[in-house]
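Here is a short tour to read with the model open beside you.

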Amino acid sequence: MKKHEKFLEFNGKRIVFLSVDGTYWVALKPICEALNIDVRRSRELAKKDPILGSVVSEQALQVSKNGKKQLRNVTCLPEQFIYGWIFSIRSDSKELTKYKKTCYELLYNHFHGTITNRKELIL
């Protein structure tokens, strides 16, 4: 099994991507912290979700605690599910609201004009 860790910065938090045999796993806790939402509740809702629950996984990641690096199991989702999971979260967090607004715009831009004969349907 080949593992490789990478990260990106999001809202001032380090988001870890762990590549395991070609699948990128993303830790949920740092995303929750970056979006200022409840970690425990969001993690449990992901586990109970009929789609996400089957792909949630505990992955061993190297984390720093008290200046020491430790290997720790953290709850992760494959990258292909992470964006939809974030979009499904319910919270009044300003950071989450901003993320969702961006998602709505991206979805509109992606699908706008892709419906066959859209112009005729509208008129």
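On a 1 Å grid over the protein atoms alone, a pocket is an open set of points where a 1.4 Å probe fits, with protein on both sides within 12 Å along at least five of seven lines, and its lining residues have an atom within 4 Å of a point. Grid points are joined across faces, edges and corners, and a volume is the space filled by probe spheres set on the points. This is a predicted model, in which local features need pLDDT of at least 70 and side-chain atom pairs count only at pLDDT 80 or more, while totals for chains, interfaces and linings use all residues. Residues are numbered from 1 along each chain as its sequence is written, and side-chain values use heavy atoms, with hydrogens and water left out.

**The second largest pocket**

The volume of the second largest pocket is about 210 Å³. Two elements give two or more residues to its lining, namely α3 (79–88) and α4 (94–111). Helices here are DSSP runs of H or I with at least four residues, strands are runs of E with at least two, and both are numbered from the N terminus. The largest share of the lining comes from α4, with 7 residues. Among the lining residues are F10, N11, Y83, F87, E95, Y99 and C103. By type, the lining divides into 7 nonpolar, 3 polar and 2 charged residues. In this count Ala, Val, Leu, Ile, Met, Phe, Trp, Tyr, Cys and Pro are nonpolar, Asp, Glu, Lys and Arg are charged, and the others, Gly among them, are polar.

Take a look at Y99, which is found in helix α4. Its relative accessibility is 16%, so Y99 counts as buried. Buried means under 20% relative accessible area, exposed means over 50%, and partly exposed lies in between (1.4 Å probe, protein chains only). Y99 and Y83 are 16 residues apart in sequence, with their C-alpha atoms 9.8 Å apart in space.

**The overall fold**

Stepping back, the protein has 5 helices and 5 strands. Read from the N terminus, the order of elements is β-β-β-α-α-β-β-α-α-α. Of the 123 residues in the protein, 32% are buried.

**Strands and hairpins**

Two strands pair if DSSP finds at least two bridges between them.

| Strand pair | Sense | Bridges |
|---|---|---|
| β2 (residues 13–20) and β3 | antiparallel | 4 bridges |
| β3 (residues 23–27) and β5 (residues 68–78) | antiparallel | 3 bridges |
| β4 (residues 57–65) and β5 | antiparallel | 9 bridges |

**Salt bridges**

Side chains of opposite charge can pair when their charged atoms come close. How many salt bridges does the structure hold? There are 2 of them, where a salt bridge is a side-chain nitrogen of Lys or Arg within 4 Å of a carboxyl oxygen of Asp or Glu.

One links E44 with K47, and the closest N and O atoms are 4.0 Å apart. E44 and K47 are 3 residues apart in helix α2 (residues 39–48), so about one helical turn separates them. E44 is partly exposed at 35% relative accessible area, and K47 is partly exposed at 36%.

The other joins E105 to K101, with the closest N and O atoms 2.6 Å apart. Both E105 and K101 lie in helix α4, 4 residues apart, which is about one turn of the helix. E105 is partly exposed, at 39% relative accessibility.

**Cysteines**

A disulfide is a covalent bond between the sulfur atoms of two cysteines. With the cut-off that the pair of cysteine sulfur atoms lies within 2.5 Å, the count is 0 disulfides. C32 is buried, with a relative accessible area of 1%. C103 is buried as well, at 12% relative accessibility, and this residue also lines the second largest pocket.
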